[in-house]
Amino acid sequence: MPNFGTGRPKTLYEKIWASHVVDQVPGHPAVLYVDLHLVHDGTYRRAFELLVERGLRVARTDLTFAVTDHCVPSGMMGTPKNGNAMPAVVQGLIKVCNETGIKVFGPDDLEQGIVHIIGSELGLTQPGKTIICGDSHTSTHGALGALAFAVGTTEIAHGLATQCVLQQRSKTMRVRIDGKLKPGVSSKDIILALLAREGITAGTGYAVEYSGATVAGMSVDARMTLCNMTAELGSRIGLVSPDERTLAYLKGRAFAPRGADWDAACERWCALATEDDAVFDRELHVNANAVAPMVTYGTTPAMGIPVTGRIPNPDSIADTTARRACVEALRYMDLHPGDPIAGKKVSMVFIGSCTNARIEDLRAAASLLDGRKVADGTRLIVVAGSQSIKRQAESEGLHSLFRSAGATWGIPGCSLCVGMNGDMAAPGEYVASTSNRNFQGRQGPGVRTFLLSPLTAAATAIKGQIADPRSFRS
Amino acid sequence: MPKKFSAVTSKLVPLLIPNVDTDQIIPAQYVNVSGEDALAGALFANRKAESADFVLNLPEMKDRAIMLCGANFGCGSSREAAAWALAAGGFRAVIGTTFHETFARNCVQSCLPTVRLTADAFDVLVAAHYSNPDLEVRVDLEARNVTVQDSDLSFPTGIDDFTADLMVSGIDELTYLLERKNMIAKFELDRVSL
């Protein structure tokens, strides 16, 4: 068992950090050891070129795994003109991994999927591990109690060559979430509500741990949505302390320990949990019972309101900078202060991404779409987060249900969340999306994004306009 | 990409919008373009296409090497291409109050300092710029300061010594890590397996 030292009670973050510092020169960032390096097709290329330029090799191919996701077309735009050929960056990743001995899950692999989904699905993501990946939503993996954070491409090269990166230690923040979620409300709504209240820099410099009765009662899938969008709080690290749900989730996964190793791992993992009297640098609280289904109206994920709310009036914002940002957001979105958000027409609805494309998300959407149709003039695209989730959904008949409703059932990948795989909406189009970012141009130049939960997305698809999922319930 | 930083003196490009995310700095479809010209062209590509008034479209902004940024510049995606595109677009330093952590880390790798002024100092600099839009500002990491032409104004860069020294010396982080190769090997041997 790692020695976390004696003294005051420790947080999960402090324990993982302390056991991974290789070197810490005073005044310098720490040299932090990386247990798992996940590579994807969007940001790898220059990193491997750097290794070649410096005459370096991949240090630990056994701790490095790659997957194609960002640049894999979902098929929503039809079959590419060049047949089934994958983009050069996808082919390039497979080639460089084969050359360097890194295990890669390509488009034809049964395990392929979005990097932040397959890590936990395969049991590669485990409590107590340090994990890096060249993607801001690496925070997702923290839902299983791993210290996972984004790195840039040069740092990918650092990780490949040395299995270490330079890191400054973060401050710690706890977000306690208590209270029972109301019907029609999900963890996506909690994180959107937290963002709306606290803004997109509340987490800057902090490792954010979620705890409280609501989180304790949440599935690992739902916890991943919280940790995923921790990136939108300006933080790089989301965490949930390992508990029985964590263990139940990991047991039997392909890369999870087995037999006696499993028992030992469980003991080690549970000892990592934040101790009762551990002190955080900042504490926030959310009453889950007060959270309603949320929708964003603007161009940051913090510009959100309840689905029953109205577009805010910038004139009511005291801070000059925030007021200007709101004016600019409403200009881009072509929305008008005082209008209800419900009823805004959308031409496309996207259910997918590392935020909300796990099996529970698909089941939630399907529960509302069952026996109903997507509105005329609206297109629904459902893209499972991984091949495994796609197979599971198909075994439950969800794909037939989506198709009967008029939806497109896509090939797993990042799809419409990020405009780098050909999946895009047209300038000026409104897209209701279960993804994580509504930035200008995120889903294509000039595209206007409403962020919402899978359930609210399904309601919106049926109505062809932003709709309250609770209006469908008895 | 510059391999080390030497002091830069330039007029300023003001982009005083808060929360400029990296999707704006370089839209996703350009993240994997190759070469300096393509990266430079991709810099704020959507913004440049959307509006003739966008600051980088103004002829007088050409060849300016320091950008004055709104708060939380570089938030969102961790794409390092945002730093590459700024460097390829001729920027040698960016000045603001706060930057997204990952973006700032990525800028270090391109020896592009993210100068962090206090809110008060930043306001003084912005006011000075607007009273004379051709005002020249110098960012000097060796002297650890930002100075303003024809004035006594001098502000600390807000960049820690370790990072400033790396950029000035041109010793990159990879070299720093490789120097610790034996330490890393020992750590791997010593640690209790996870």
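A residue is termed buried under 20% relative accessible area, exposed over 50% and partly exposed in between (1.4 Å probe, protein chains only). At 13% relative accessibility, Val108(B) therefore counts as buried. This residue is found in helix H5 (residues 101–109) of chain B, where helices (H or I, at least four residues) and strands (E, at least two) are DSSP runs numbered from the N terminus. Beyond its neighbours within four places in sequence, Val108(B) is in contact (heavy atoms within 4.5 Å) with Thr163(B), Met167(B) and Glu173(B). Val108(B) and Ala42(B), 66 residues apart in sequence, are 20 Å apart in space, C-alpha to C-alpha.

The model is predicted: local features need pLDDT of at least 70 and side-chain atom pairs count only at pLDDT 80 or more, whereas totals for chains, interfaces and linings use all residues. Residues are numbered from 1 along each chain as its sequence is written, chains are lettered from A and ligands numbered from 1 in the order in which they are written, and side-chain values use heavy atoms, with hydrogens and water left out.

Chain A contains an open sheet of five strands in the order E5-E4-E3-E6-E7, with parallel pairing; two strands pair if DSSP finds at least two bridges between them. Strand E5 (103–105) and strand E7 (147–150) of chain A each have a single partner strand and stand at the edges, so one side of each is left without a neighbour in the sheet. Strand E4 (residues 64–67) of chain A pairs with E5(A) in the parallel sense over three bridges, and Ala66(A) stands opposite Val104(A) in E5(A).

Two helices of chain A contact this sheet, as tabulated below. Axes are lines fitted to C-alpha atoms, for helices over the stretch in contact, and angles run from 0 to 180 degrees between N-to-C directions.

| Helix | Strands touched | Angle |
|---|---|---|
| H5(A) (residues 153–162) | E3(A), E4(A), E6(A) | about 135° with E3(A) |

Turning to the interface, 61 residues from chain A and 44 residues from chain B take part in the contact. The two chains bury about 4500 Å² between them, 57% of it on carbon and sulfur atoms; buried area is the accessible area (1.4 Å probe) that two parts lose on being put together, summed over both. In chain A, Arg54(A), His158(A) and Leu166(A) lose the most area to chain B, together 12% of what that side buries.

Nine salt bridges (a side-chain nitrogen of Lys or Arg within 4 Å of a carboxyl oxygen of Asp or Glu) are found across the interface of chain A and chain B. One of them joins Glu188(B) to Arg60(A), with the closest N and O atoms 2.8 Å apart.
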